[in-house]
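Hello,

Please have a look whenever you find a moment.

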Amino acid sequence: MDTGFDLATGVFFAVAAVVAALSAFLVLRAYRKAAGAPPKPVWALGGCLVGALTALGLYVAFGSPGRGDEPHAPRLAALMAADPQTLGPLEIIAVEEAKAAADPDNPMPPFIVAAVHEQIGDVDKALVAYDLALRRAARLAADPDTPAEERALLIRAQGGAMSRMASLIMAQNGGVANEQALGLWVAASELTPANPEPYVHRAYAAARAGQHEQAVALWTEALARLPEDSPMVPMAQRLRGMSERGETPGPPPSLNQSPPQSTP
């Protein structure tokens, strides 16, 4: 049954939102550390755009020419100096893991590592990286010295990470949302109540479990939060209609529809 549930699109926008939020956080933190004037909106928006484009690059720019064996340190240095658009997934992971080790307070590198692992189908490593990014973001958000605007961005990133982790756990469970996944989605809803994504996933999980009344209520919550021009609105409306009729949607498509690309 075609439910119109485009998981690949959902994954992209979820990760893009997380990376964009963290990009804006890093822009604001850079201004604060430099003790400069408050960032102008255009620069914050520019940071968000860079983050979204970075996320896009992770999904469309994988693959690179083969390279010969090199010692690790010089090779890593060359990768870090290279244009990110020329790097393959394993190279992106190597670069971002090096950044994560060098800056243990920065949640951005492990978020990117998690996104790449997720895209190439390495669910276990994606979960580990999302968990690391989540803990870093939570630690910074809890720091009383973190300004309120930065804290809000970090909280958004935490909600996004929880939602992605829940989706991956559900995929590991054969498409069935277990208690762990549902707990993460509920927590994400509480952290970022304006974000429609956790409600979409909770509604879909309820619909798949045959909990049609709960699914209708959650689809309604999701639709109230989705922008009117969002491509997910028709899907949410269609699935709410199915729940209203007592129909159960089919499973979402696989998270890993094609074999992962390898990098020499």
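Lysine 125 forms a salt bridge with aspartate 122 (a side-chain nitrogen of Lys or Arg within 4 Å of a carboxyl oxygen of Asp or Glu), and their closest N and O atoms are 4.0 Å apart. Lysine 125 is partly exposed at 48% relative accessibility, and aspartate 122 is partly exposed too, at 24%. For these labels, buried means under 20% relative accessible area, exposed means over 50%, and partly exposed is in between (1.4 Å probe, protein chains only).

Before going further, a word on where this comes from: the model is predicted, local features need pLDDT of at least 70, side-chain atom pairs count only at pLDDT 80 or more, and totals for chains, interfaces and linings use all residues. Residues are numbered from 1 along each chain as its sequence is written, and side-chain values use heavy atoms, with hydrogens and water left out.

Back to the charged pairs. Side chains of opposite charge can pair when their charged atoms come close. A search of the whole structure finds eight salt bridges. One of them links aspartate 131 to arginine 135, with the closest N and O atoms 3.0 Å apart. Both residues lie in helix 6 (residues 123–142), four residues apart, or about one turn of the helix. Aspartate 131 is partly exposed at 29% relative accessibility, and arginine 135 is partly exposed at 45%.

Glutamate 247 and arginine 245 form another salt bridge, again with closest N and O atoms 3.0 Å apart. Here glutamate 247 is partly exposed at 31%, whereas arginine 245 counts as exposed at 55%.

Now for the overall fold. The chain has eleven helices and zero strands; these are DSSP runs numbered from the N terminus, with helices being H or I of at least four residues and strands being E of at least two. Of the 264 residues, 46% count as buried. The chain exposes about 12,900 Å², of which carbon and sulfur atoms supply 59% (Shrake-Rupley method, 1.4 Å probe; for residues, only the protein chains shown count as cover). Among contacts (heavy atoms within 4.5 Å) with a separation of 6 or more, 63% are between residues 24 or more positions apart.

What about the interior? In soluble globular proteins, nonpolar side chains tend to be buried together. The largest nonpolar core has 34 residues, and those with the most contacts inside it include Phe111, Leu127 and Trp185. By nonpolar core I mean a set of buried Ala, Val, Leu, Ile, Met, Phe, Trp, Tyr and Cys residues joined through side-chain atoms within 4.5 Å. Two or more residues each come from helix 4 (89–102), helix 5 (108–119), helix 6, helix 7 (148–172) and helix 8 (179–191). Helix 7 gives the most, with eight residues. Leaving aside residues up to four places away in sequence, tryptophan 185 touches Ser163, Met170, Pro198 and His201, among others. A second, separate core of 17 residues includes Leu218, Leu223, Val233 and Met242.

Alanine 217 is partly exposed, with a relative accessible area of 44%. Its C-alpha atom is 8.6 Å from that of arginine 240, 23 residues apart along the chain.

Best wishes
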